[in-house]
Amino acid sequence: MRTRFRLATGGRVDRSKPVRFTFDGKPYQGFVGDTLASALIANGVHLVGRSFKYHRPRGIMTASAEEPNALVGVGRDEAHYTPNLRATQVEIYEGLVAESQNRWPALAFDVGAVIEVLSAFLPAGFYYKTFMWPKAGWKHVYEPLIRRAAGLGRAPTTADSDRYTQVYAHCDVLVVGAGPAGIAAAIAAAQTGVRVILCDEQAEMGGSLLAETVAKIDGRAAADWCRAMLDELASLPNVTLMARTTAFGWYPHNFIGLNERVTDHLTEGGKLPRERLWQVRAQEIVLATGAIELPIVFPQNDRPGVMMAEAARTYVNRFGVLPGARAVVVTASDSAYRAAVDLQVAGVVIPAIADLRSSPSGYWVERAREKGIDVMPQTSLATTTGRLRVSSATLVSTDTGKPERRKVNCDLVLMSGGFAPSVHLFSQSRGQLKYDDGLQAYLPDVSMERERSVGACRGVYDLAAALNDGFSGGLAAAAQLGADVSIAKSFLVEARSVASGGLIGAPTTGRKRKARAWVDFQNDVTTNDITLAVREGFRGIEHVKRYTTIGMATDQGKTSNMNALQIVAGLRSISASQAGLTAFRPPYTPMTFGIFAGQSRGALFEPERRAPIHSWAEQTGAVFEDVGQWKRAHYFPKPGETMHDAVARECRATRQSVGIFDASTLGKIEIVGKDAATFMNRMYTNGWDKLEPGRLRYGVMLREDGFILDDGVIGRLAPDRFHVTTTTGGAARVLNMMEDYLQTEWPDLEVWLTSTTEQWAVIAVQGPNARKSLAPLVKGIDVSAEAMPHMSVREAWICGVPTRLFRVSFTGELGFEVNVPSGCALAVWESIMAEGQNYGITPYGTETMHVLRAEKGYIIVGQETDGTITPDDVGLSWAVGKAKRDFVGKRSLARAALTQDDRKQLVGLLTVDARTLLEEGAQVVADPNERIPMTMLGHVTSSYWSETLGRPIALALIRAGRSRAGTRLSVPTHAGAVEVDVVQPIFYDPKGVRLNA
């Protein structure tokens with residue numbers, strides 16, 4: 001299919017492979033190798049979207065990732081729909097369905113454009129001033145309106161059906177950017193033998209070389225040289241080439257996030273994922289991220305058909321399409337002259353080049369003159385006309401002695417305000433930038449990581465210089481790794497240099513308020529907005545950014561930041577370097593949510609973990625609850641029983657005879673090594689040197705700030721081995737903290753940590769008849785009270801499988817915890833159930849466990865603690881080794897704030913009427929008649945009906961609680977204040993007689 005905008009020859013698209021696609025429901029055709037932007041241009045489509053604030057018509061402005069205007073939604077159905085993709089980065093494929101955004105009912109006729117009429121009343125920051133009154137207006141008027149108007153593009157209505165995956169990789173040298181400098185850097189590093197990854201965000205590697213038609217490298221056309229070098233790199237076993245891969249984030253220690261688009265360019269992806277998230281750790285990094293051509297700020301510079309000069313050259317030379325038939329050029333850089341010459345050769349009429357500089361000169365300027373193009377120094381654009389596409393441009397002399405205006409009919413305006421090095425990733429690495437007055441741009445200065453920037457991203461624009469700079473950078477990276485870098489290479493380049501020129505930020509004409517010149521195209525920020533911000537006292541560039549929203553769109557100001565700071569500098573009469581620069585944050589370009597979620601979706605979003613006894617509990621009719629990721633039996637109802645009935649029955653059975661409980665979800669860590677006791681001493685508050693093998697001890701772990709992190713019972717199996725238990729939810733947290741200290745603070749200790757949570761199942765057998773239910777099944781040890789006292793551990797056999805038998809209780813009754821290999825747990829459980837039938841053994845769930853432990857005043861970390869609780873606050877000062885030299889959090893415990901007498905302390909509460917069950921989280925006050933806001937003394941942490949006591953009980957954290965024992969307080973409720981008596985937190989068997997039976 002031939003259109004008047006598609007060249008008959010040239011470009012890198014495959015004309016033998018046509019591709020059909022639709023845009024806003026209308027069918028079009030392109031070729032393999034086209035982007036959606038180039039294919040639309042080839043079909044004469046230039047209006048592609050509407051701006052966010054004013055719904056102004058917008059067209060394709062660039063040819064790369066910095067595109068602010070051409071945002072589209074892509075997807076053949078809702079399950080494959082993605083909004084806000086840049087048409088310049090979307091590769092077309094057979095059947096592609098794309099749509100424009102931010103318009104209704106149609107792109108050419110958008111009702112939302114009526115807001116343009118109100119633009120005078122919607123200056124920068126208008127919402128800060130308007131939404132202050134009336135007071136009730138925010139909730140009922142403003143917020144609903146803002147929420148409806150917020151967002152760009154539309155969210156899909158069904159779940160994403162594509163797959164995403166995440167991969168880790170390591171390399172010696174990571175080269176970001178496969179333009180001339182990046183390719184040269186990869187060649188240099190690869191030839192030394194180090195492992196190299198070369199990534200580039202485009203579908204085809206080569207960068208600016210792909211649009212080069214004149215330059216030669218080593219005697220070959222630039223594109224041919226590029227292909228040969230990439231083929232050579234691909235043939236090396238130590239090199240990985242990654243096209244369609246964006247380096248979007250730099251994290252500490254050369255940890256780089258890469259987004260590889262795997263199947264976005266395919267009609268059907270098959271079994272491949274849509275995208276891969278590569279998490280790469282590189283010893284050395286070479287940044288060859290190039291530079292971004294900057295627009296020129298002039299009135300009405302946002303119409304469709306206003307395009308960057310280098311982008312137009314790319315469309316002609318790389319994609320074989322004409323962005324227009326008649327083009328006016330406005331520039332402050334020689335690069336635009338090269339673009340004008342290339343476009344004229346391709347058939348575009350260039351009636352004039354307006355150059356803001358007073359005396360442009362150089363090879364490309366002279367070439368343009370030789371081609372008959374009218375070069376107009378000291379000339380700018382006064383305005384453009386056209387509704388849905390530019391139709392004319394008015395040129396005006398900036399020479400005060402020659403105020404001439406000239407209107408030129410055209411359908412294309414090309415602009416070039418010079419180039420800004422792409423320093424985004426460098427800035428993310430915390431590298432320091434410096435402002436170069438000659439280039440009028442920020443350049444990388446001091447690196448904070450093992451990094452070096454090469455080529456255009458550090459202001460080296462000449463092709464020969466960029467190639468040599470890249471090669472030197474690649475060698476330097478390899479040299480840091482100790483590689484042999486005795487390699488000499490000099491590139492023979494035949495190319496004419498393109499001087500960068502100076503960036504002209506502020507408009508030179510049309511300064512009246514009505515003549516709006518656009519700086520941020522996506523967010524509709526004009527020079528008037530920036531002027532207003534500075535006038536109202538926003539002097540710092542970061543403040544201007546937030547007040548005007550400049551640079552806050554999805555492009556993060558790639559084409560607007562430098563112009564904005566130049567304008568601010570001019571308004572404040574300071575240098576651009578004094579104006580500063582806004583921070584660059586990841587991601588470099590927007591990423592899909594799917595790539596960050598990876599496979600963590602659906603059932604894998606939060607994997608459901610099941611204990612080894614789960615199937616038995618399920619068959620028995622247990623009701624389950626979620627505890628972290630674990631499914632735990634909440635209670636075991638019999639037919640006709642409510643939860644209250646079932647829990648009461650389970651409590652009675654455990655207190656009177658024997659109950660059995662699945663405690664397999666407890667975290668378990670094996671700590672082994674000759675320094676194991678030393679390590680335990682440093683991690684836990686109490687001492688471990690004198691704990692004999694075969695004994696258990698309750699341990700408390702603190703954070704560095706002195707607050708309780710976790711607790712658990714710990715058994716010493718041998719002088720160099722501990723079996724540590726943690727809370728169910730704290731297993732990973734505790735292991736991570738242990739590993740952190742072992743690797744960073746005490747690497748000299750000979751200690752090994754192993755998570756054994758899934759290896760050991762735990763069966764708790766509790767109650768007066770617990771010993772009788774277990775004794776016939778246990779072989780190799782004596783479980784009598786004399787031979788195996790409370791808080792002891794023995795390794796033996798039960799039901800023919802090895803066990804670590806703990807004599808421990810979380811109920812206050814005689815109790816054992818049977819640790820057996822998980823694969824044997826169900827068989828052992830069923831054997832204990834069978835043996836215990838003689839004593840009416842009863843399975844109980846987590847709710848009963850909570851009631852029984854509360855009756856004994858045992859805490860649960862995360863329920864009786866909230867991240868601000870010390871051991872003394874919950875009555876565990878006895879577990880803090882006063883004579884210990886040091887442990888994590890010890891010094892923090894001595895802080896004045898943690899030793900005050902009025903800290904919240906754990907107490908028991910009994911309601912005076914003995915019938916009312918308090919609500920957990922309810923506040924406790926001294927005087928319920930005090931005027932609001934009342935003085936809160938604390939809150940209820942646990943509240944249950946105690947079947948054993950025949951009344952409700954509660955635990956609470958109360959200010960100076962221990963000193964309030966015997967006093968009466970109140971708990972306000974919706975039904976009125978409930979009086980409570982403050983008591984000791986142990987409600988049942990305070991002397992532990994039953995525990996030691």
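Which residues make a nonpolar surface patch of about 450 Å²?

## Surface patch and basis of the model

Val114, Val117, Leu118 and Phe121 make this nonpolar surface patch. Patch members have over 30% relative accessible area and no salt bridge; like charges are joined within 9 Å, and nonpolar side chains (Val, Leu, Ile, Met, Phe, Trp, Tyr) within 5 Å. Accessible areas come from the Shrake-Rupley method with a 1.4 Å probe, and for residues only the protein chains shown count as cover. Val114 is found in the loop between β7 (96–100) and α2 (126–130). Its relative accessible area of 57% makes Val114 exposed (exposed is over 50%, buried under 20%, and partly exposed in between, with a 1.4 Å probe and protein chains only).

The model is predicted: local features need pLDDT of at least 70, side-chain atom pairs count only at pLDDT 80 or more, and totals for chains, interfaces and linings use all residues. Residues are numbered from 1 along each chain as its sequence is written, and side-chain values use heavy atoms, with hydrogens and water left out.

## A three-stranded sheet

An open sheet of mixed pairing is formed by three strands in the order β32-β34-β33. The edges are held by β32 (609–610) and β33 (623–627), each with a single partner strand, so one side of each has no neighbour in the sheet. Helices (H or I, at least four residues) and strands (E, at least two) are DSSP runs, numbered from the N terminus; two strands pair if DSSP finds at least two bridges between them.

The pairing of β32 with β34 (residues 630–635) is parallel and runs over two bridges. Arg609 stands opposite Trp630 in β34.

## Cysteines

The structure holds zero disulfides (a disulfide is a pair of cysteine sulfur atoms within 2.5 Å). Cys226 is in no disulfide, and the nearest cysteine sulfur, that of Cys199, is 15 Å away. Cys226 is buried, at 3% relative accessible area.

For Cys457, the closest cysteine sulfur is again in Cys199, at 12 Å, which is too far for a bond. Cys457 is buried as well, with 1% relative accessibility.

## A buried serine

Ser422 is found in the loop between β25 (419–421) and α9 (424–428). With a relative accessible area of 7%, Ser422 is buried. The side chains of Ser422 and His424 make a polar contact at 3.3 Å. Such a contact is a pair of N or O atoms within 3.5 Å; within protein, one must be able to donate a hydrogen and the other to accept it, and residues adjacent in sequence count only if both atoms are side-chain atoms.

## Salt bridges

Side chains of opposite charge can pair when their charged atoms come close. A salt bridge is a side-chain nitrogen of Lys or Arg within 4 Å of a carboxyl oxygen of Asp or Glu, and the count by this rule is 52. In one of these, the closest N and O atoms of Glu284 and Arg452 are 2.9 Å apart. Glu284 lies in strand β15 (residues 275–287) and Arg452 in strand β28 (residues 451–453), so the pair ties together parts that are 168 residues apart in sequence. Glu284 is buried at 1% relative accessibility, and Arg452 is buried at 17%.

Asp886 and Arg891 also form a salt bridge, with the closest N and O atoms 3.3 Å apart. Asp886 is partly exposed at 29% relative accessibility, whereas Arg891 is exposed at 64%. Elsewhere, salt bridges with shared partners join Arg56, Arg58, Glu116, Asp302, Arg516 and Asp524 into one network.
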